[in-house]
Amino acid sequence: MSDIRYDLLHDDYALIAPERLRRPDCYKTGKKSSESEFSDRKKCPFCEGREHLTPHEIFAIRDNDPDEPGWKTRVVPNLYKAVQIETPWQSEEVGIYEKWSGFGAHEVVIDTPRHLTRMDDWSEEEYFNWLYTLRSRLNDLKNDSRLVYISLFKNHGHYGGATQSHPHTQIIALAALPYRQRQLLLHAHNFYKSHGHSLFESVLHMELDDKKRIVAENDIFAAICPYASTFTFETYIVCKKPHAFLNDLDDNGLEALADLLSQTIKALYRQVGDFDFNILFNTPAMHKNAQTEDFFDDTDKMWRIGVRILPRLYRLGGFELSSGVKINPLDPDEAASLLRGSIKERE
Ligand SMILES: [Zn+2]
């Protein structure tokens, strides 16, 4: 049983999830993803043919029966879940403290049947199927009006926080909007109220005009190295059209996003070599409740779909943890120029 606790000392939240302690750590400390040998690949529960090692699948792209080989992507409940859907949603005061039951959904998307593939080795079809699967899960989870926030993220490699080397993505849906997310949405809403358009539009306008930090673009998305990139080679893929939710995209939109993700990831591998990373989707609040009612109705006007790719080339130290300010040794203008160069080389 997990619970979400308010950290009175630091005005923050912690998810206390003892089940996570049982996770196997398949990465050897300090090794890059390609160097880390999966301790026993024959036991990998995400490989095709070992469907019996995971809980029953929630979703799959396949033409045959569930929990059998023959799939392209597969979604299963996380065996080491941080939150669970069976838990009733309630809060409790503990002396001066407060906690909430660990209600929510925690799912694993198995991105491809292929074990130990790098994302620069994925086909266009694999990128599309991956995004199609994420969109399907968002559409389904959105039906539960208690789930107000859905975190969609991918950890790759030891420094990316992954404990499983088979390509996978995680979905954690919560009944509460985390503090940091609420701050971001309020910030976007304040910008919209004072400017009459979204901050994403302002940033896109500036970057498309300036061109220095554009990595690649197509009709629907642009990939940029943000002006104040907090990670080296950080790349942000932003939607040029007024879509706030990933599940607002039609198949054309998914193809456009797949195209830019594929170009960007390949360029990053060419620049950095094998590297660990996180991919974060900037999902806004999914439902209106007491926490989101101030801004929820303006979501479509103030927010745009964004995908943040964070290479984890350096570990975070005390300064970053104490101040919240990241030190990035590479000028984002230079990072974008290098990534553009890598894309041109391939053409
Ligand atoms: Zn595997």
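Which residues coordinate the zinc ion? They are C44 (SG), C47 (SG), H115 (ND1) and H166 (ND1), at 2.0 to 2.3 Å. Donors here are N, O and S atoms within 2.8 Å of the metal (3.2 Å for Na, K and Ca), and water is not among the atoms, so sites may look incomplete.

A quick note on what you're looking at: this is a predicted model, where local features need pLDDT of at least 70 and side-chain atom pairs count only at pLDDT 80 or more, while totals for chains, interfaces and linings use all residues. Residues are numbered from 1 along each chain as its sequence is written, and side-chain values use heavy atoms, leaving out hydrogens and water.

C47 and H166 sit 119 residues apart, so to speak in distant parts of the chain. Here is how accessible that pair is, with buried meaning under 20% relative accessible area, exposed over 50% and partly exposed in between (1.4 Å probe, protein chains only).

| Residue | Relative accessibility | Class |
|---|---|---|
| C47 | 10% | buried |
| H166 | 0% | buried |

Now for the nonpolar cores. A nonpolar core is a set of buried Ala, Val, Leu, Ile, Met, Phe, Trp, Tyr and Cys residues joined through side-chain atoms within 4.5 Å. The largest one has 84 residues, and W130 and F221 touch the most other members. F221 is in contact (heavy atoms within 4.5 Å) with residues including I237, V238, L257 and I305, not counting residues up to four places away in sequence. A second, separate core of seven residues includes C47 too, along with F46, W71 and V108.

Note on methods: Helix = DSSP H or I, 4+ residues; strand = E, 2+ residues; numbered from the N terminus.
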